[in-house]
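Subject: Structure for your files

Hello,

Please find the structure below. My notes on strand pairing and salt bridges follow it.

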Amino acid sequence: MSEPSYPVSGQDSGLPAQALTGTPNSPVSGQDPILVATGITKTFGGVHALRGVDLMLRPGRVLALAGENGAGKSTLIKVLTGIHQPDEGVISVDGEPRVLTPARARELGIAAVAQELSVLDHQSVAENLTLGREPVGRLGLVNRREQLTLANDMLARVGLRIDPNAMIRDLSLAQKQLVEIGKAMSTSPRVLILDEPTSGLREGDVETLLNLVRQLRAEGTAIVLITHRMSEMFEVSDEIVVLKDGQLAGSRPTSQTDEQEIVKLMVGRELAAIYPDKPSRQPAVAEVLGLGGFSVLGTAVHGISLSVLPGQIVALAGLAGQGQTQLLEGIAGLRRAAGTLMLRGKPRRAFRSVAAAIRAGVVLIPEDRKTQGLVLPMSIGQNISLPTVGRRAVAGWVRPAAERRVADETVTKMSIRPPDAGRIAAQLSGGNQQKVVIGKWLAADPAVVLCADPTRGIDVGTKQEIYALLRRLADDGIGVLMLSTDLSEVVGLADVVHVMAEGSIVRTLIGEQITEEAITGAAFQGVEEQLAEVVDR
C-alpha cells in the first residue's frame, strides 16, 4: 500500500512536510512511520464524527491532537485502538493495512489512556496494574510477591508513591489517573495515546508526567497527546494537528506556531481575552459564605477561617493532597465537619448531609463529572431536574411540562450541544457534559457554588464560556469558592487565593499578589512549616 500524500507545510488540509522527515525537537528523524491512517471517515446516525482524516505516527515523535470538545478527537482515538471500525479509510501498521480490534491493537503495540478512567474500584492497585497479565505460579495461582514487585516498578515509572495493596476506591482522582497511565505503559507500547492525561493532576504530578513523555519519545515511542492545556502541548510536542467538526483544520510544526494560531484553527475565530476582567475594587459588603475554626472530621483539614464575598471568586490552591478537595466536600455536606459556618450573615451548624446543604443553597460541582456529577444513562433533561425534582412535583408526581421547561431553559442558557434535552448524557462530549453538571446546579438557584476543577478536560472555547459564567455568578452576588489543578486558571480567575498545606491555610494572596510563583512558593514553604510544627510537637 502506498502512503498517503500530504500538502506542504502551511496548508490547512493535512500534515506538514516536516511530518515526513522529523523536526529539530525530535530525537528520531527520517524513520518509517509505525502507523498511517488515510481518509478515515466515521458516521453515527447520519452525523459525520470524522470525515477524511489522515494521520501519520512516527517513532520518537510527539503529535499533539487539538480541537474543541466534539471535534472528533475521541472518535479518532477509538478508531486507532480498534474500538470503532471506520466506515471509510485505511489504517496501516508497519506498512501493512490492518483491521484493528482492541486485542489486535494491543498485539501491534498500540495502547491508549482514555479520559474516562477504566480502573476497577473494588480491586487493589497491584491487581489493576497487572489485570489480564497476572504472574502465575506453578499451581496456576497468582504469584503475589511477583505481582507486587511488578506493580511497584510501574508505580515508580509514573512517580506515584502509594501502597500497591491500596484499594483503587480509596485513591484520589489524580492517583487513579496515574495508575491508569502506569497500566498502559506496562505493555511497553510502540504507540501510546494519552487522552487528557494531566486533567486532575497538580503541578508536580504534571511535570513528572511530561518528563515521562520526553523519556518515552527518546526511547522511540510514537506518542499522541490530547490536552486542553496549551502550555503542555507546546512544551513536549513536535507537531500539532487540529481537528474541527470531524475534519483536519490544519497542522503545524510546534516550533513554527503559537497558541493564538492553534486556538483560531480550533474555534474558527480569534478568542478575546480568555479570562474575564476582575473587579478593580473588592466589594465592601457582607460575606455570602464564612468559615471560622472549620474542620473536616477524619481528614487533616482543621482550623479553616475564610470569607467569600459577593463579587469575588475565591480559590483554594497548594500542592496535591493538602486538603482542598476535602474542605469543599466538608462545606457541601459530603463529609462530616465541625466549626462555625456563616451563610449570608446567619450562623449555622456544618451541614450533616448533601440534601441539607442544597436546601440551604450550597451546591458542589465535583471534580469527576462522570461518576459524581452525572447519571450517564439518563437524559440531559433528567440530569438537570434531579437536584430540584421535588419543586416540580404535586402529591409526589413530577409535572413533565415543568421539568421540560427547566431543562430547555438550562440547555439554552448553557449553550449545550446538541440542544436536545432528550439526548442521553453519555453521548455528549466532555465539555457539554460539564455544562450539564453546572447547569443543573444553577437551576437550583444557589447562594454558594463550590467548584472542584470546573474546567477539567474541556477545550479552550468552552473554558472561556465557563470562566465568564463564574464571573457573572460572582457579580450577581452568588458566592464562588473553587479549586483548580491549573495554576494559570487560578491566577486568571481568582480575586483571593488561599494556599493550603497539611490541611491548613498557610497564606492568603489578594489582587496583584496572585502569581504562579507566589502560589508555588507558598505551597512548598507551607508544607515544610507544617511538618516542622508536627516534629516540634
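**What was found**

Glu239 is buried, with a relative accessibility of 4%; buried means under 20% relative accessible area, exposed over 50%, and partly exposed in between, with a 1.4 Å probe and protein chains only. The model is predicted, so local features need pLDDT of at least 70 and side-chain atom pairs count only at pLDDT 80 or more, while totals for chains, interfaces and linings use all residues. Residues are numbered from 1 along each chain as its sequence is written, and side-chain values use heavy atoms, with hydrogens and water left out.

**Salt bridges**

A salt bridge here is a side-chain nitrogen of Lys or Arg within 4 Å of a carboxyl oxygen of Asp or Glu. By this rule there are 17 salt bridges.

Glu239 forms a salt bridge with Arg61, at 2.5 Å from N to O. Because Glu239 is in strand β9 (residues 239–244) and Arg61 is in the loop between β2 (47–57) and β3 (62–66), this pair ties together parts 178 residues apart in sequence. Helices (H or I, at least four residues) and strands (E, at least two) are DSSP runs, numbered from the N terminus. Arg61 is buried, also with a relative accessible area of 4%.

Asp87 and Lys42 form another salt bridge, with the closest N and O atoms 3.7 Å apart. This pair links distant parts of the chain, 45 residues apart: Asp87 is in the loop between α1 (73–80) and β4, and Lys42 is in strand β1. Asp87 is partly exposed at 44% relative accessibility, whereas Lys42 is buried at 11%.

Within helix α5 (residues 173–185), Glu180 and Lys183 are three residues apart, which means about one helical turn separates them. Their side chains meet in a salt bridge of 3.7 Å, N to O, and both residues are buried.

**Strand pairing**

Two strands pair if DSSP finds at least two bridges between them. Strand β1 (residues 35–44) and strand β4 (residues 88–93) run antiparallel and are joined by five bridges. In this pairing, Val36 stands opposite Ser92 of β4.

Strand β4 is also joined to strand β5 (residues 96–98), by three bridges, and these two run antiparallel. Ile91 stands opposite Arg98 in β5. The hairpin of β4 and β5 has two residues between the strands, and Asp94 there takes a positive phi near 55 degrees.

Regards
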